[in-house]
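Good morning, colleagues. Please look at the structure on the screen while I take you through its surface, its helices and its aromatic rings.

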Amino acid sequence: MSEQPEKTHNPLLEDERKNPVYRMGRAVAGFMLAVWAGVLALVFFLVFRFWLS
């Protein structure tokens with residue numbers, strides 16, 4: 001068996017990242033993450049506002 005180094009340049013992975021479906025999935029995941037961060041911030045704000053008052 002020939003051993004190849006782990007860190008080889010993979011052109012297929014680069015092509016996959018240029019795929020519009022892949023890019024759309026990344027955009028949707030980023031948007032969902034931002035929405036969840038906003039919802040959590042709002043929940044913590046409301047909980048601590050009522051708890052500290």
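**Surface, helices and an aromatic pair**

The accessible surface of the chain comes to about 5,600 Å², and 69% of that belongs to carbon and sulfur atoms; such areas come from the Shrake-Rupley method with a 1.4 Å probe. This is a predicted model, in which local features need pLDDT of at least 70 and side-chain atom pairs count only at pLDDT 80 or more, whereas totals for chains, interfaces and linings use all residues. Residues are numbered from 1 along each chain as its sequence is written, and side-chain values use heavy atoms, with hydrogens and water left out.

Of the 53 residues, 0% count as buried, that is, under 20% relative accessible area, with exposed over 50% and partly exposed in between.

The secondary structure comes to 2 helices and 0 strands, taken as DSSP runs (helices H or I, at least four residues; strands E, at least two). The axes of H1 (residues 11-18) and H2 come within 5 Å and cross at roughly 65°. The two helices, H1 and H2, are therefore roughly perpendicular, a term for angles of 65 to 115 degrees. At their contact (heavy atoms within 4.5 Å), Glu16, Arg17 and Lys18 of H1 meet Pro20, Tyr22 and Arg23 of H2. These residues divide into 2 nonpolar, no polar and 4 charged.

How many aromatic pairs does the structure hold? There is 1: Phe44 and Phe48 are stacked, 6.2 Å centre to centre with 20° between the planes. Rings pair if their centres lie within 6.5 Å, and planes under 30 degrees apart count as stacked. Phe44 and Phe48 are 4 residues apart in H2 (residues 20-52), so about one helical turn separates them. Phe44 is partly exposed at 49% relative accessible area, and Phe48 is partly exposed at 37%.

Methods:
Phe/Tyr/Trp six-rings, centres within 6.5 Å; stacked < 30°, edge-to-face > 60°. Buried < 20%, exposed > 50% of the residue type's maximum accessible area, 1.4 Å probe, protein only. Axes fitted to C-alpha atoms, helices over the stretch in contact; angles between N-to-C directions. Parallel < 35°, antiparallel > 145°, perpendicular 65-115°, else oblique. Nonpolar A, V, L, I, M, F, W, Y, C, P; charged D, E, K, R; others polar.
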